[in-house]
Amino acid sequence: GQLTTYSELSIYLEKPGASRAVGSAIGMNEIAYLIPCHRVIQKTGKLSGFRWGIDLKQKLLQNELL
């Protein structure tokens, strides 16, 4: 796995400009660790939009980078 952005993911899905829709769909993920939605960040590099809070998103990413 690797980090990606909402806009990169929307382009990959052949829906450029649909980054908000991608974010909404990711936000509905109820099993975040198994389907790693925590790896999607803003194109500015900012962490945002994680159902269980930004602190947990940051911890998951830090654990993966070790």
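1. Does K15 count as buried or exposed? K15 counts as exposed because its relative accessibility is 53%, where exposed means over 50% and buried under 20% relative accessible area, with partly exposed in between (1.4 Å probe, protein chains only). The model is predicted, so local features need pLDDT of at least 70 and side-chain atom pairs count only at pLDDT 80 or more, while totals for chains, interfaces and linings use all residues. Residues are numbered from 1 along each chain as its sequence is written, and side-chain values use heavy atoms, with hydrogens and water left out.

2. K15 sits in the loop between α1 and α2; helices are DSSP runs of H or I, at least four residues, numbered from the N terminus. From K15 to R39 the C-alpha distance is 19 Å, at a sequence separation of 24 residues.

3. E14 is in the loop between α1 (6–12) and α2 (19–27). Its phi is near 60 degrees, a positive value in a residue other than glycine. E14 counts as exposed because its relative accessibility is 68%.

4. The largest nonpolar core has eight residues: Y6, V22, I26, A32, C37, V40, F50 and L60. Such a core is a set of buried Ala, Val, Leu, Ile, Met, Phe, Trp, Tyr and Cys residues joined through side-chain atoms within 4.5 Å.

5. Leaving out residues up to four places away in sequence, F50 is in contact with A32, C37, H38, L56, K57 and L60, contact being heavy atoms within 4.5 Å.

Notes
Helices (H or I, at least four residues) and strands (E, at least two) are DSSP runs, numbered from the N terminus.
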